[in-house]
Amino acid sequence: MNATRNPGRVAGLWYLLLVFGGPLRLIYIPNKLFVAGNATATASNIAAHQWLFRFGIVSDLAGAVVLIFLTLAFYRLFRNVDRNLAVMVIIFGGIMPALINFVAVVSDAGALTLIRGADFLNVFDKPQRDALAMLFLRLHGHQVTAAEILWGMWLFPLGALVYKSRFLPRFLGVWLVINGVAYVIMSLTGILLPGNQDKLFLAFQPALFGELALVLWLLIKGAKPRVDEMAVAAG
């Protein structure tokens with residue numbers, strides 16, 4: 001099917017962009033540049049790979065924009081299934097997490113400014129600047145933990161829409177809701193019991209593949225509202 005005539009495939013393409021861009025700042029950069037408990041080593045790594053760190057900032061900004069277009073694509077796909085749920089997808093999955101992305105970028109920019117050592121920061125010695133940079137990076141991490149609540153919350157209305165739609169498999173809707181529950185639990189664990197969050201992430205892998213399953217279905221099969229539903233909505 002042609003993507004322009006298939007709103008499901010359009011949503012799948014936006015979702016694919018998010019899947020490709022998200023892991024850069026979320027997974028790859030922390031694993032490559034950050035050294036747990038060592039502010040000096042972390043700052044040195046970022047200073048030596050500034051362009052990689054800057055690309056991470058760009059990926060967060062781009063991800064925020066993609067989220068808006070993705071949720072608008074889902075609204076177009078599901079508005080005739082349940083308009084209220086479709087609006088909730090835009091709010092919880094698009095607007096609010098996009099705002100958190102923009103705030104998180106400010107934290108990264110602050111860390112980079114400290115590491116580069118601007119003239120007005122000469123009142124601080126290097127160990128102090130490195131420690132402050134690590135603080136900003138930690139703030140970014142806490143912002144991601146907070147965003148996980150929204151990563152879960154938007155999957156509840158989205159899962160309900162998939163389940164009710166009749167033009168997508170119902171098991172995908174159930175899987176998305178389970179995926180959402182996993183994200184919410186991970187977020188709360190990151191706040192209350194942060195030492196256990198990584199273990200939960202590994203344990204919840206089967207649940208977290210719900211979004212990937214939806215992406216693959218939309219890209220391969222596509223999705224298009226039934227003609228009778230569109231006619232009823234128009235009437």
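**View 1. Arg170 puts its charged end over the ring of Tyr163, 4.4 Å from the ring centre.** A charge sits over a ring here if NZ of Lys or CZ of Arg is within 6 Å of the ring centre and within 35 degrees of the ring normal. Keep in mind that this is a predicted model, where local features need pLDDT of at least 70, side-chain atom pairs count only at pLDDT 80 or more, and totals for chains, interfaces and linings use all residues. Residues are numbered from 1 along each chain as its sequence is written, and side-chain values use heavy atoms, with hydrogens and water left out.

**View 2. Trp51 and Phe55 make a tilted pair, with ring centres 6.3 Å apart and planes at 45°.** Rings of Phe, Tyr and Trp (its six-membered ring) pair if their centres lie within 6.5 Å; planes under 30 degrees apart are stacked, over 60 edge-to-face, and the rest tilted. Helix α3 covers residues 50-78, and the two sit four residues apart in it, so about one helical turn separates them. Trp51 is exposed at 64% relative accessibility, while Phe55 is partly exposed at 49% (buried is under 20% relative accessible area, exposed over 50%, partly exposed in between; 1.4 Å probe, protein chains only).

**View 3. Phe74 and Phe78 are stacked, their ring centres 6.0 Å apart and planes at 25°.** They too are four residues apart in helix α3, about one helical turn.
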